Amino acid sequence: MSTSSLTVTGTAGPGLVLTAQVFTDVSKWSIDSAQNLLTMFFGGETFKTIDISDATTFTVTISGGNYTVVIS
């Protein structure tokens, strides 16, 4: 199974701003465009949700079967 690497700029909670934070071994990710949320899953039930409402760039690249996602 392929995994993804995501580089994200956004808000991870009250006072938790991420700038170009890299997340590796992401098994699944989804975008809720209505609420501007990115949810990443790291196998099993472990997940992290990021507010990407201020994002201006969303890039997905596939190389060697692995995804690289940049949201900033």
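Trainee: How many aromatic pairs does the structure hold?

Mentor: This predicted model holds 3 aromatic pairs.

Trainee: Why are W29 and F58 called partly exposed?

Mentor: Buried means under 20% relative accessible area and exposed means over 50%, with partly exposed in between. W29 has a relative accessible area of 25%, so W29 is partly exposed, and F58, with a value of 41%, is therefore partly exposed as well.

Trainee: What makes F41 and F47 a tilted pair?

Mentor: The distance between their ring centres is 6.0 Å, which is set against the limit of 6.5 Å for a pair, and the 40 degrees between their planes make the pair tilted.

Trainee: How do you know whether F41 and F47 are buried or exposed?

Mentor: The relative accessibility of F41 is 22%, so F41 counts as partly exposed, while F47 has a relative accessible area of 51% and is therefore exposed, the cut-off being over 50%.

Trainee: What lies over the face of F41?

Mentor: K28 lies there, at 5.0 Å from the ring centre of F41, and the distance limit for a charge over a ring is 6 Å.

Trainee: Which residues make up the largest nonpolar core, and how many are there?

Mentor: That core has 11 residues, among them L6, V8, F23, M40 and V69. Strand 1, strand 2, strand 4 and strand 7 each supply at least two of its residues, and the largest share, 3 residues, comes from strand 2.

Trainee: How do you know that strand 1 pairs with strand 2 and with strand 7?

Mentor: Two strands pair if there are at least two bridges between them. Strand 1 and strand 2 run antiparallel and are joined by 6 bridges, with V22 in strand 2 as the bridge partner of T7. Strand 1 and strand 7 pair in the parallel sense over 5 bridges, and L6 has V69 in strand 7 as its bridge partner.

Terms used: Residues numbered from 1 in each chain as written. Predicted model: local features only at pLDDT ≥ 70, side-chain atom pairs only at ≥ 80, totals over all residues. Heavy atoms only, no water. Core = buried A, V, L, I, M, F, W, Y, C linked by side-chain atoms within 4.5 Å. Buried < 20%, exposed > 50% of the residue type's maximum accessible area, 1.4 Å probe, protein only. Helix = DSSP H or I, 4+ residues; strand = E, 2+ residues; numbered from the N terminus. Phe/Tyr/Trp six-rings, centres within 6.5 Å; stacked < 30°, edge-to-face > 60°. Lys NZ or Arg CZ within 6 Å of the ring centre and 35° of its normal.
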